[in-house]
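Reader: I'm new to looking at protein models. Could you walk me through this one?

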Amino acid sequence: MSAPNPALRREVIAMYKELLYLGRDYPQGYSWFRPRLHRAFMASADLRDEEAIRKGIARAEFVKKEIEAL
């Protein structure tokens, strides 16, 4: 099992931090949002295929836009 691309890793971490920041103002509260965000990212933690990682980043971008629209 090879290590993921370091640039993709930085991108995933940056997305996680952005979503955490946006979660502060989530309607159901940060204490509701944070564990679910963590669980969602940990469910994909074992991904090694770059295409699958990019799809996950795209899905996170969609979620980010939805949160910003709230």
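Predicted model: local features only at pLDDT ≥ 70, side-chain atom pairs only at ≥ 80, totals over all residues.

Reader: What classes of residue does the lining of the largest pocket have?

Author: There are 21 nonpolar residues in the lining, along with three polar and four charged ones.

Reader: Let me step back a bit. How many helices and strands does the chain have?

Author: Three helices and zero strands. If you follow the sequence, the pattern reads α-α-α. Along the principal axes, the C-alpha atoms fill a box of roughly 40 × 20 × 15 Å.

Reader: Now the packing. How do I read the angle at which the axes of helix 1 and helix 2 cross?

Author: Compare the N-to-C directions of the two axes: an angle over 145 degrees counts as roughly antiparallel. In this model, the axes of helix 1 and helix 2 come within 9 Å and cross at roughly 160°. That is why helix 1 is roughly antiparallel to helix 2. The crossing of helix 1 past helix 2 is right-handed.

Reader: Which residues meet there?

Author: From helix 1 you get V12, M15, Y16, L19, L20 and G23, and they meet Y30, F33, R34, L37, H38 and F41 from helix 2. Sorted by class, this contact has nine nonpolar, two polar and one charged residues. Spot V12 and F41, which are also among the residues closest to the centre of the largest pocket.

Reader: And at what angle do helix 1 and helix 3 cross?

Author: Angles under 35 degrees count as roughly parallel. The axes of helix 1 (residues 6-23) and helix 3 (residues 50-69) cross at roughly 20° and come within 10 Å. So helix 1 is roughly parallel to helix 3. Residues of helix 1 in this contact include L8, E11 and V12, while helix 3 brings I53, R54 and I57, among others. By class, the contact divides into ten nonpolar, no polar and seven charged residues. As for handedness, helix 1 passes helix 3 in a left-handed crossing.

Terms used: Residues numbered from 1 in each chain as written. Heavy atoms only, no water. Axes fitted to C-alpha atoms, helices over the stretch in contact; angles between N-to-C directions. Helix = DSSP H or I, 4+ residues; strand = E, 2+ residues; numbered from the N terminus. Parallel < 35°, antiparallel > 145°, perpendicular 65-115°, else oblique. Left-handed = near helix turned anticlockwise from the far one by under 90°. Contact = heavy atoms within 4.5 Å. Nonpolar A, V, L, I, M, F, W, Y, C, P; charged D, E, K, R; others polar. 1 Å grid on protein atoms, 1.4 Å probe; cavity = no way out; pocket = protein on both sides within 12 Å on 5 of 7 lines; lining within 4 Å.
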